[in-house]
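Hi everyone, thanks for coming. I'd like to walk you through one structure today, going from the sheets to a few charged side chains. Please have a look at it on the screen while I talk.

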Amino acid sequence: MSCPALPDGFDFTDPDLLQSRVPLPEFAALRRAEPVRWIPQSANVAGFQDEGYWAVTRHADVKYVSTHPEIFSSYLNTAIIRFNEHIQRDAIDAQRLILLNMDPPEHTRVRGIVQRVFTPRAIRALEERLRNRAHAIVESASALPGGSFDFVTQVACELPLQAIAELIGIPQDDRAKIFDWSNKMISYDDPEYAISEQVGQESAMELIAYAMNMAADRKQCPAKDIVTTMVAAEDEGNLNSDEFGFFVLMLAVAGNETTRNAITHGMHAFLTHPDQWELYKAGRPSTTAEEIVRWATPVNAFQRTATRDTELGGKQIKRGDRVGIFYAAANHDPEVFENPDVFDITRDPNPHLGFGGGGPHYCLGKSLAVLEIDLIFNAIADAMPNLRASGDPRRLRSAWINGVKELQVTLG
């Protein structure tokens with residue numbers, strides 16, 4: 001099959017592109033004809049001293065890259081596929097301290113400690129409190145004067161923030177700080193926020209310092225909470241203060257931004273597919289959250305870097321080449337999903353890659369994210385069953401996050 005034509009300079013990580021749409025037609029063209037495709041970039045546009053990356057668009061290939069960390073490293077260039085062009089290399093290398101950007105065996109060690117936060121028992125212990133919080137969030141939004149509001153700020157962002165606070169003991173009064181810091185860390189591509197790379201880095205350091213202070217407090221005054229069990233005794237296999245700081249940094253993005261965007265995209269999908277909203281309100285299918293994550297795919301792409309020469313999708317990948325794994329493309333692969341462009345909350349099975357492609361970096365917080373999505377949409381269906389859109393979503397300008405800044409809605 002001939003190689004599909006893309007416009008000159010087309011780049012799947014172009015933040016202007018992602019601000020306007022997810023490039024599903026172009027993904028489909030590559031999957032059919034050239035599922036691993038070299039995408040050239042002008043020098044250093046992504047913050048790396050190279051000439052581009054390989055775009056991987058087929059479900060099977062994304063899974064292969066994800067499950068072979070010995071060939072495809074997260075550590076060498078981090079998992080972030082595009083930084084600001086002005087970022088310095090030492091700022092990229094500093095991000096290797098985040099779990100997302102580690103390789104085994106160090107990744108295995110740290111993940112083994114932090115996964116204590118996400119045990120089934122820990123999540124079950126949160127469920128009733130989060131259910132009450134979900135209902136309180138929705139009831140508060142439904143009581144706003146005029147009956148119109150921004151769904152992102154009034155509903156979608158609240159439960160993920162409160163869940164993180166509940167999970168690791170951040171006082172609820174501090175959740176606005178976490179929201180602000182995490183927004184600044186990922187919004188450097190969006191001129192509306194007027195946030196520079198430096199401001200993003202400063203926000204990251206403020207969040208890390210906040211978390212390190214939490215760890216220090218628990219070491220001095222242990223409590224019966226998860227933070228204490230994670231940091232109390234470093235020589236017994238726990239985290240040091242730096243490691244805990246970077247763990248909370250990851251939570252602020254991976255546990256907050258992604259779930260918030262999944263909830264927002266899910267609400268928009270319901271509002272634009274009223275038959276599915278009626279189906280949901282009537283039956284509350286347990287398959288709903290997984291389909292929302294597939295449909296939303298909040299992280300459009302991460303990257304890996306080849307540790308040696310290898311072959312993928314019939315292409316010769318050279319050692320040091322960056323490889324972009326595009327989850328949005330994989331989640332619309334017709335070889336895996338029947339009618340992939342249909343939003344179907346009864347879809348089962350649903351082997352989407354919205355939580356990663358498997359392997360060591362499979363999402364630690366999947367069960368918590370699914371719980372949050374289930375709880376918030378149950379609360380919305382109960383308290384705001386006739387919600388409707390009053391404007392188009394305003395998308396985030398980002399190279400790798402499928403984000404929504406604003407979604408105006410009104411009570412029906």
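What is the order of the strands in the open sheet of five strands? It runs β1-β2-β8-β5-β3, and the pairing in that sheet is mixed. At the edges are β1, residues 36-40, and β3, residues 72-73, each of which pairs on one side only. Before I go further, please keep in mind that this is a predicted model.

Let me start from the β1 side. β1 pairs with β2, residues 52-56, in the antiparallel sense, over five bridges. Moving on from β2 to β8, residues 322-326, the two strands run parallel and are joined by four bridges. Here you can look for Y53, which stands opposite R322 in β8. So much for pairing; is β2 mostly covered or mostly open? Mostly covered: five of its five residues are buried.

Now to another sheet. This one is open too, with three strands in the order β4-β12-β9, and the pairing is antiparallel. β4, at 148-150, and β9, at 388-389, are the edge strands with a single partner each, so one side of each has no neighbour in the sheet. Between β4 and β12, which covers residues 408-410, the pairing is antiparallel and goes over three bridges. To place that pair, look for F149, whose bridge partner in β12 is V409.

Let's step back to the whole chain for a moment. There are 16 helices and 12 strands. The C-alpha atoms fill a box of roughly 55 × 55 × 40 Å, taken along the principal axes. How does the radius of gyration look for a chain of 412 residues? A compact globule of that length would be near 22 Å and this chain has 21 Å, which agrees. Buried residues account for 58% of the 412. And if you take contacts between residues at least 6 apart in sequence, 72% of them join residues at least 24 apart.

Next, two aspartates in loops. D103 sits in the loop between α4, residues 89-94, and α5, residues 106-114. This residue is buried yet has no salt bridge. Where is the nearest side chain of opposite charge to D103? That is R304, at 6.4 Å, and the cut-off for a salt bridge is 4 Å. What the D103 side chain does reach is the backbone nitrogen of S74, at 2.9 Å. Apart from neighbours within four places in sequence, D103 is in contact with S73, S74 and Y75.

The other one is D309, in the loop between β5, residues 301-306, and β6, residues 310-312. The side chain of D309 reaches a backbone nitrogen as well, that of R319, at 2.8 Å. Leaving out neighbours within four places in sequence, D309 has contacts with I317, K318 and R319.

Last topic: salt bridges. Side chains of opposite charge can pair when their charged atoms come close. How many salt bridges does the count come to? The count is 23. Let me show you a few.

E128 and R131 form one, with the closest N and O atoms 2.9 Å apart. Both residues are in helix α6, residues 120-142, and because they are three residues apart, they are separated by about one helical turn. E128 is partly exposed at 45% relative accessibility, and R131 is partly exposed at 28%.

D174 and K177 form another, with 3.7 Å between the closest N and O atoms. Here D174 counts as buried, at 15% relative accessibility, whereas K177 is partly exposed at 41%.

D93 and R96 also form a salt bridge, with a closest N to O distance of 3.7 Å. D93 counts as partly exposed, with 28% relative accessibility.

And finally, a network: salt bridges link E34, R37 and K315.

Definitions and conventions: Residues are numbered from 1 along each chain as its sequence is written. This is a predicted model: local features need pLDDT of at least 70, side-chain atom pairs count only at pLDDT 80 or more; totals for chains, interfaces and linings use all residues. Side-chain values use heavy atoms; hydrogens and water are left out. Buried means under 20% relative accessible area, exposed over 50%, partly exposed in between (1.4 Å probe, protein chains only). Lys and Arg count as positive and Asp and Glu as negative; His and the chain ends are not counted. A polar contact is a pair of N or O atoms within 3.5 Å; within protein, one must be able to donate a hydrogen and the other to accept it, and residues adjacent in sequence count only if both atoms are side-chain atoms. Contact means heavy atoms within 4.5 Å. Two strands pair if DSSP finds at least two bridges between them. The radius of gyration is taken over C-alpha atoms; the globule rule is 2.2 Å times the number of residues to the power 0.38.
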